[in-house]
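Biologist: Could we go through this structure together? I would like to begin with how two of the chains meet.

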4 protein chains.
Amino acid sequence: MSQSQATLADPALDYLKRFKSIRKQTLNLVEPLETEDLVVQPVSDVSPPKWHLAHTTWFFEVFLLVPHLDGYELFHKDFPFLFNSYYVAAGDRWARASRGHLTRPTVQEVLAYRTHVEEHMERLLLQQPLSPELTHVIEIGLQHEQQHQELLLYDIKYILGHNPLFPPYKEEPNEGDDGSSPLEWLAVNKGNYHVGHQGEGFCFDNEQGRHEVHLEAFEIASRTVTNGEYLEFMEDGGYTNHQYWLSDGWDWLGNQAVKAPMYWINEEGHWLHYTLYGLKPIDLNAPVMHLSYYEANAYASWKGCRLPTEFEWEVAVGIHQPDIPENGNFVESGFLAPKAQSDPGFMGNLWEWTSSAYLPYPFYKAPDGALGEYNGKFMINQMVLRGGSFATPKAHIRATYRNFFAPQCQWLFSGLRLARHQ
Amino acid sequence: MSQSQATLADPALDYLKRFKSIRKQTLNLVEPLETEDLVVQPVSDVSPPKWHLAHTTWFFEVFLLVPHLDGYELFHKDFPFLFNSYYVAAGDRWARASRGHLTRPTVQEVLAYRTHVEEHMERLLLQQPLSPELTHVIEIGLQHEQQHQELLLYDIKYILGHNPLFPPYKEEPNEGDDGSSPLEWLAVNKGNYHVGHQGEGFCFDNEQGRHEVHLEAFEIASRTVTNGEYLEFMEDGGYTNHQYWLSDGWDWLGNQAVKAPMYWINEEGHWLHYTLYGLKPIDLNAPVMHLSYYEANAYASWKGCRLPTEFEWEVAVGIHQPDIPENGNFVESGFLAPKAQSDPGFMGNLWEWTSSAYLPYPFYKAPDGALGEYNGKFMINQMVLRGGSFATPKAHIRATYRNFFAPQCQWLFSGLRLARHQ
Amino acid sequence: MSQSQATLADPALDYLKRFKSIRKQTLNLVEPLETEDLVVQPVSDVSPPKWHLAHTTWFFEVFLLVPHLDGYELFHKDFPFLFNSYYVAAGDRWARASRGHLTRPTVQEVLAYRTHVEEHMERLLLQQPLSPELTHVIEIGLQHEQQHQELLLYDIKYILGHNPLFPPYKEEPNEGDDGSSPLEWLAVNKGNYHVGHQGEGFCFDNEQGRHEVHLEAFEIASRTVTNGEYLEFMEDGGYTNHQYWLSDGWDWLGNQAVKAPMYWINEEGHWLHYTLYGLKPIDLNAPVMHLSYYEANAYASWKGCRLPTEFEWEVAVGIHQPDIPENGNFVESGFLAPKAQSDPGFMGNLWEWTSSAYLPYPFYKAPDGALGEYNGKFMINQMVLRGGSFATPKAHIRATYRNFFAPQCQWLFSGLRLARHQ
Amino acid sequence: MSQSQATLADPALDYLKRFKSIRKQTLNLVEPLETEDLVVQPVSDVSPPKWHLAHTTWFFEVFLLVPHLDGYELFHKDFPFLFNSYYVAAGDRWARASRGHLTRPTVQEVLAYRTHVEEHMERLLLQQPLSPELTHVIEIGLQHEQQHQELLLYDIKYILGHNPLFPPYKEEPNEGDDGSSPLEWLAVNKGNYHVGHQGEGFCFDNEQGRHEVHLEAFEIASRTVTNGEYLEFMEDGGYTNHQYWLSDGWDWLGNQAVKAPMYWINEEGHWLHYTLYGLKPIDLNAPVMHLSYYEANAYASWKGCRLPTEFEWEVAVGIHQPDIPENGNFVESGFLAPKAQSDPGFMGNLWEWTSSAYLPYPFYKAPDGALGEYNGKFMINQMVLRGGSFATPKAHIRATYRNFFAPQCQWLFSGLRLARHQ
């Protein structure tokens, strides 16, 4: 056995390889942008891309280098203050809503910060045998950066897509569209099922506590709702008929003057929408995206159906599609929009709103320390989404993965899949 | 069998008797108030007592008299506009936040409105055989008025308890206090259970869909948390240590400068609280009340426990206390505060926050028409409370009854009961 | 000389008589109201009528009885806190925006407060020779109550006029309307003039500092603008053409969706307005009222004219109408609206917006102590109005009297008179 | 006479030279910045520097090239929408508060826009004899750009000075400080004076209408208040004693938690302030700056003095310093802060708050068309400042120049000079 073979088997090298690859991918995402695009924060939810570059770096610095690399000195004494997001236990932080006021450090300085932390992370990974505690935090750091990669795309799209010049993020590839398959109903029988994560691989704390649930018999749609189907709802007065809407959703429509999914623009009677490829006509076969929970729920209500619970969704996937599809539309496909589905399937394309509030599983306990703030403290006023999107790394997603957003959020890559009782 | 006996068995007479009794009870509640107290709305959530008097009357007028009593004419053409609460299907309505601007109609005019509608309701009840549809709406009207009786007390307490003169609502009766029993843990085994309403009696649509759930084994406390226990949390820095709090709760603390349950006032180091009997020292044995969900959850977290889910609560009651206790502290007891519990027990005293979001049961379908807006459209951003309070009529409450409020609400008569996994 | 003659000449008795008469007039103003009307505060600017009853009483208690009547005890220890308006030097106070939350003290208790203070004021007035310092404060107390009488009517009109039932405050008297005179232009020559108060009578500190100003030649209208004239502006698109509006005014129009003077309601193409006599058709000959400064200024701009400065107004009155007219429409006329003017004239009917910002006169110095806060601290962001209205006591007004409101206020009894350079 | 000499005398060439020089100066101002600094808008009042670059260019494009240069085509069809500031007559515009959302056009594109418009302006200036109408608009365009140069520095300072890293804008030059002269009182006699602009040179419409005013005798300070003098006020409790403050100012202090002039930071008992040279200790001899009107007025009140009216200021300058001083601290001095004054003097260093509201002069008439919106529509809720600052071009300022800001603004280069009656 040669040394290099030995080396390849070394978990530290494996981590190093993934670390470098994931860090590189973050830079790839901002590569098409102008410096100006990296700085602004048009609404509080949308962080400056520069902030994401720094915050993901801060995570490694504060949770790994500072406590675990002997003699490590902070790249800059003020960066922990500037780039902590919401970890109260990790100290004071710059107000979230003011991230877009910070022109300094510059993009170049943030890139230097990234390089500095990467060099020291390499040293950390190579200098010591990795304890389980350490690998756990490294793993979270990598998963964390992958989550921010997806948020980066949400925020980039918001920044460019709310600019009246509608600049494209990238040039559209020349891809044929196969058309959408007819919607089929996939059945699941009444019974007890197990949900939650099991096995060796990584998962977040909020997926843990594999447990039993009882489900009534139900059917779930073979694909998410298309733009064409959603347009029928709109043309049937969906946005002006209160009976389809939750009360908070109806107020939200009125207060925000919402008349369509985010990024939809009506030009002289024709619907266009901003995509990462620029302003485009609506593709009727493609999945509808940028829905709030309120819109997803209203559509389902109009259709006489409902959204699946997160457990129905997870169980249905376990039965009808136990493996993540090879040809799924994840970030690796390089396509920056959801694709029309030609076959029944789950995962990839768009996060799917479920009717489940984001709450702890039985036996849930938040981890100790600052990382205990990662998931648990958000378990209120949020709804669960499942399945990953075209912006999710395939290696990042699982059927048990619980994403969550407040019900009024539209800027994520969200869609909806119908369910119904038999 | 005499005619009067026959008459007593008549369901219409039975309804009439309950109708008169419930309507009378509403007036009893405002009897201790001054005219001035009936008019104001210090915050949007708190409606003027006068508005409750009129709105509960509007309910009978619009959903029963107008459609079902031949020749009925509105008491006043503008009252449907003024006193509709949130029924979009029932037409336009005066803005909720401006209810406290309406000095007219006067209290006397609203009382005349009540009398007018009561006389016509009597006519309706006696003139025709009651169809099931009609009795269903009558029943909802009665339950609706009972719900508003409890809200009336919340709102009256808010109005008087935020007045710097702290006027008592009533004189305190001379009641001995037995002291609180030690907290015991009641166990429930892992297994499948049925939840939701069954049987002949009335229930709201949100309780329907009796269905099976699977529960892990758990224990639930024999009583709710006391003021003394809650003070320990406060004195241990509970309100200043972020780690016990949900993120939204922590922000709420900061934004609202919350430092204690609502109505608690610290005078030179001593805690007092406003009660319906005026400003009083805290009774350490009595149940703590006026907690938001955030506070209830933070206390449980500090204690190393959690709140029960609504299903755990319902199943535990079914096992440990299948009948509503004779000596429960409901509105009929006439005591206007929760009592220290000397025995294990559920129901009455205080509504108990559960860890369940308010969501539809399987097969839930909102009724058609305006009454479909009664419950279903609020199934977002709210948490379920169970059990009824000292302000709830005993005949109004059930173990399956689902009350719900937004997690930041403090002005209801809410408390908390701990649960834990074994 | 008989004793009664002596008594009549006694300044203390004279004050007592005026005191009683003015206090009585305040009660007369609320006599037509229901208890409910006295309690609410629909917007921050509009205080509950009950509050005016108490605050004017507080003024006498705190500035006269407490410092000057031996052995005087507060009617209620909390009332100084509850009924101080804005005198920082006089101690803490209940937040202005929350005056409408206070259902207690009740109206009856406030009336008892009034009686108590009146009895003690009578004692104070009779028991001692009145020093100049004391008479000065008594005089301010009386003037203060007269000012609040006018505010009372503004606030009563707001409360009743924003109620969708539009209840009249009083029944309309049967008065003929003479029609409005044609507008004439009254000329004033270029030159130096004296402005500000002189002589023996009472004036507020803001009128003091009689001083010389230089005016260019100008003309001023013989009467204020009528409803008919203002309608021409409206029908010419006055509210939708930016060029007539100050920038802040244009924003105010947009933000508040203002389309007409306050209380104007368009019913199927016809303009009505709420008056203290109820909802009435617009009288084209009557002066237009309830204009903000922005509207007054926009009208003048549309007309190719301007508003007079406060000095132009004062000098013009000195030349063209040196005495207050006997038949002026002041509160003594008992008519609760402005009257069409049949002759040239100034004073009464409506306060007239001038183009002068409310600023100190040369040599102005605010008095020492809490009463120094009466006028001086408001000398920013306000515009001066002159002349008094139908709600002003004739004995309260002077040509030098400077009233002031923020430019967006509409709920006062305000109108506009044109001016122009020759 | 050679042709070049003739050319130099040509007014078009003169304009061209000034045009080029002024345009160049704008670029000089942003030269020390990073691209990131040019994009953000931390508060609504502070525009992104990039926006200033584009807006001043838009002014020339829309008011000169489009109407007057044959065949001119817009550089970009959307730029008039993006870069119109507040000219309603010039069409729709991007919302002011969202200027900081616009990452595109990029800085490079805006610079290209500048070059394009400059080339065409050169063509316009040279191709035709300049009519008086045209030269008037050109002149306004140049003055307008100079005004924005000063605003640019305000906004740059705000952006850098609110960054927790406090990056300097430039390196501080090595300048000796002569110390401040003792304050002298300069007297002006009672009498009639003329104010307002006269003569051939350019002035804004708001200075026109040379007219006579009458002034009481007064004295005015020989220099503005120093940091040391202002510190005495602060240390005497100036910010916590209501009696020095206007009511709106007192509320502003409380709501904004203002405890010192903008940019002052207390570090362990020592006052520092952010300057364009970075964070520095307070120089006690230098003029105090970044005061709101409320602070200036409170200081004067504490000192037993007052602010001068704008007419007192103008007349005093006419008497005591009829010419603009050669050695004044204007932008040409290259020093980016006010200097301690060693001699009595006016103009330069800091704009001085006067006690005059910004109102029209007699005979004022706003120009026709969009340029009529330049000054007139802001004549409400603003106070006049006089004299120019270290950021004002010497050729731009005059004794009659009326600057104006809302009384709460602190971010301008403002100071205060005392006045008093004799």
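Biologist: Which side chains of chain C and chain D meet in a salt bridge?

Modeller: Lys190(C) and Glu212(D) do, at 3.2 Å from N to O. A salt bridge here is a side-chain nitrogen of Lys or Arg within 4 Å of a carboxyl oxygen of Asp or Glu. Please note that this is a predicted model, in which local features need pLDDT of at least 70 and side-chain atom pairs count only at pLDDT 80 or more, while totals for chains, interfaces and linings use all residues. Residues are numbered from 1 along each chain as its sequence is written, chains are lettered from A in the order in which they are written, and side-chain values use heavy atoms, with hydrogens and water left out.

Biologist: How many salt bridges are there between chain C and chain D?

Modeller: The count is two. There are also 15 residue pairs in polar contact, both residues at pLDDT 80 or more. A polar contact is a pair of N or O atoms within 3.5 Å; within protein, one must be able to donate a hydrogen and the other to accept it, and residues adjacent in sequence count only if both atoms are side-chain atoms.

Biologist: Which element gives the most to the side of chain C that touches chain D?

Modeller: That is S3(C), with four residues. Strands are DSSP runs (E, at least two residues), numbered from the N terminus.

Biologist: What area is buried between chain C and chain D?

Modeller: About 2500 Å², of which carbon and sulfur atoms give 64%. Phe363(C), Ile380(C) and Asn381(C) lose the most area in chain C, together 21% of what that side buries. Buried area is the accessible area (1.4 Å probe) that two parts lose on being put together, summed over both.

Biologist: And how many residues does each chain bring to the contact?

Modeller: Chain C gives 33 residues and chain D gives 33 residues, where contact means heavy atoms within 4.5 Å. Of the interface residues of chain C, 100% are also interface residues in chain D, so the copies meet through the same surface.
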